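Hi,

Here's the structure I said I'd pass along.

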Amino acid sequence: MKYKGQKKLVDNIKKLMKEKHITQQELAFRVDKSYVSISCYLNFHRSPRLETIAAIAIALGVNVKELLKGIEMEEMIWLTQKNI
């Protein structure tokens, strides 16, 4: 596992996917990413870029705040710097 913020982001995505009955394949289609990319994000092999996080939020029918809920400011800075 990489960072606490990354884990929280993934947990939030997985929770919303489960609530909305959206599979990784469906999420990949909605975000216009490959299934492999989505799998890598959800298994901590890669971190999504900020624009991908926004696209995932739209695909899940929530705002970005919902995906980032519970992530501390320091962790948010890490996500931002990681994806520049």
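What share of the contacts in the protein with a separation of 6 or more comes from residues 24 or more positions apart? It's 61%. Bear in mind that this is a predicted model, with a mean pLDDT of 87 and 85% of residues at 70 or more.

Of its 84 residues, 40% are buried. The accessible surface is about 5,400 Å², and carbon and sulfur atoms hold 55% of that.

Now the inside. The largest nonpolar core contains 21 residues, and Leu9, Ile13, Leu27, Ile56, Leu60 and Leu67 have the most contacts within it. Helices H1 (4–19), H2 (24–31), H3 and H4 each give two or more residues to this core. Take leucine 67: beyond its neighbours within four places in sequence, its contacts include Leu9, Ile13 and Leu16, along with Ile53, Ile56 and Leu60. Asn12, Ala57 and Val62 are also in contact with leucine 67.

One loop residue to check as well: proline 48, between helix H3 (35–42) and helix H4 (50–60). Is proline 48 buried or exposed? With a relative accessible area of 4%, proline 48 counts as buried, because the cut-off for that is under 20%. The C-alpha atom of proline 48 is 8.6 Å from that of isoleucine 38, 10 residues away along the chain.

Cheers

Notes: Residues numbered from 1 in each chain as written. Predicted model: local features only at pLDDT ≥ 70, side-chain atom pairs only at ≥ 80, totals over all residues. Heavy atoms only, no water. Helix = DSSP H or I, 4+ residues; strand = E, 2+ residues; numbered from the N terminus. Buried < 20%, exposed > 50% of the residue type's maximum accessible area, 1.4 Å probe, protein only. Core = buried A, V, L, I, M, F, W, Y, C linked by side-chain atoms within 4.5 Å. Contact = heavy atoms within 4.5 Å. pLDDT = per-residue confidence, 0-100. Areas by Shrake-Rupley, 256 points an atom, 1.4 Å probe, with all protein chains shown as cover.
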